[in-house]
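Subject: Structure handover and notes

Hello,

Here is the structure we talked about. Please keep it open beside this message, as the notes below go through it part by part.

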Amino acid sequence: MFEWLIDLLRQTVEWREWGWNVKTIGAIGAVSCAAFQGVGIWKQGRRVHREQQAQTLSFLLFGYSMPYFFAASLYGWKEKSIIIIFLGVVGFLHFPAITGILKYGTVSTNEKRLVGLFLLLIPFMWFATAVNLHEVVFLASLFGILGFVAGQAKRAWKSSDTNDLDPVMIFSFLFGPMFWFSYAFAVDSWALKAFNPLAFVLWSFILAMWWKKGREPRKKKDPGAGLMRIIYVMGVLIVI
């Protein structure tokens, strides 16, 4: 089994071109971005279930983003990129947020139907890899995210309380465009140059809405709380 895995790694772009070069730096940055975004999405899901609130969250954004990451993994398999294959893991981390929005948010029947259609992106990408149209499908699906991020920004603007948004998730999606925009000039990718500034602006607006209407106020420290803890611990020690 391990020999099969090593053989698979040796066929990847990252293994063949490992060294002090642009592609290696890009691979390291891609892993960092994906890991950070995965943590942010997971924390968003946990926040929804903990706070039992999801009025600001866009079901369409998470419902589209999950199959996008799965489809990107198929694209990575075709391109023999272990880094892009890794994006499939991030797709699984969407489940807590999606189930939380369904339980505590407001989701229409049409939105559920649309998310059901979004799942077709996975077999469509599989078909695209077979006929060598995966590049076109991948770019189209990437730019498709912008529309749903814009929808999330609109919901954050209209909402009176954005406390159900998790700041770690917002910052994780701000970090990605900053890296990929600089990387776009290194590899001269017009798609990355066009996509990332727009994504950065939208997520910056969402961050501003969270900062304005969703930050939890700092709790004032109770001067007697520390003393009560000391008295409690001393009491326990005396009893023991």
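A residue is called buried when its relative accessible area is under 20%, exposed when the area is over 50%, and partly exposed in between, using a 1.4 Å probe and protein chains only. By that rule R47 is buried, because its relative accessible area is 8%.

Two points on how to read the rest. This is a predicted model, in which local features need pLDDT of at least 70 and side-chain atom pairs count only at pLDDT 80 or more, while totals for chains, interfaces and linings use all residues. Residues are numbered from 1 along each chain as its sequence is written, and side-chain values use heavy atoms, with hydrogens and water left out.

Overall make-up

The protein chain has 13 helices and zero strands; both are DSSP runs numbered from the N terminus, helices being H or I with at least four residues and strands E with at least two. Of its 240 residues, 42% are buried. The accessible surface comes to about 14,300 Å², and carbon and sulfur atoms hold 69% of that; the areas come from the Shrake-Rupley method with a 1.4 Å probe, and for residues only the protein chains shown count as cover. A contact means heavy atoms within 4.5 Å. Among contacts with a separation of 6 or more in the protein chain, 80% are between residues 24 or more positions apart.

Salt bridges

Side chains of opposite charge can pair when their charged atoms come close. The cut-off for a salt bridge is a side-chain nitrogen of Lys or Arg within 4 Å of a carboxyl oxygen of Asp or Glu. A search of the whole structure gives two salt bridges. One joins R47 to D166, with the closest N and O atoms 3.6 Å apart. R47 is in helix α3 (residues 22-51) and D166 is in the loop between α10 and α11, so this pair ties together parts 119 residues apart in sequence. D166 counts as buried because its relative accessibility is 3%.

The other salt bridge is between E51 and R50, whose closest N and O atoms are 3.6 Å apart. Here E51 counts as partly exposed, at 32% relative accessibility, and R50 is exposed, with a relative accessible area of 51%.

Aromatic pairs

Rings of Phe, Tyr and Trp (its six-membered ring) pair if their centres lie within 6.5 Å; planes under 30 degrees apart are stacked, over 60 edge-to-face, and the rest tilted. The whole structure holds eleven aromatic pairs. One of them is Y64 with F118, edge-to-face, at 5.3 Å centre to centre and 90° between the planes. This pair links distant parts of the chain, with Y64 in helix α4 (residues 59-79) and F118 in helix α8 (residues 109-118), 54 residues apart. Y64 counts as buried at 10% relative accessibility, and F118 is buried with a relative accessible area of 15%.

F173 and W203 form a stacked pair, 4.9 Å centre to centre with 15° between the planes. That pair also links distant parts of the chain: F173 is in helix α11 (residues 167-187) and W203 in helix α12, 30 residues apart. F173 counts as buried at 15% relative accessibility, as does W203 at 4%.

Y64 and F118 also belong to one aromatic cluster with F148. F148 is among the buried residues of α10, which include F138, L142, I145 and V149. Helix α10 (residues 134-158) has 25 residues and reaches 37 Å from its first C-alpha to its last, close to the 36 Å expected at 1.5 Å a residue (1.5 Å times one less than the number of residues).

Nonpolar core

A nonpolar core is a set of buried Ala, Val, Leu, Ile, Met, Phe, Trp, Tyr and Cys residues joined through side-chain atoms within 4.5 Å. The largest one has 50 residues, of which F62, Y68, L165, I170 and W203 touch the most other members. Helix α4 gives the most to this core, with twelve residues. Leaving aside neighbours within four places in sequence, I170 is in contact with L165, W203, I206, L207 and W210.

Two single residues

N196, in helix α12 (residues 190-213), is buried, with a relative accessible area of 3%. Apart from neighbours within four places in sequence, N196 is in contact with G176, P177, W180 and F181.

P96 is in helix α7 (residues 95-104) and counts as buried at 17% relative accessibility. P96 touches W42, G45 and H49, not counting residues up to four places away in sequence.

Regards
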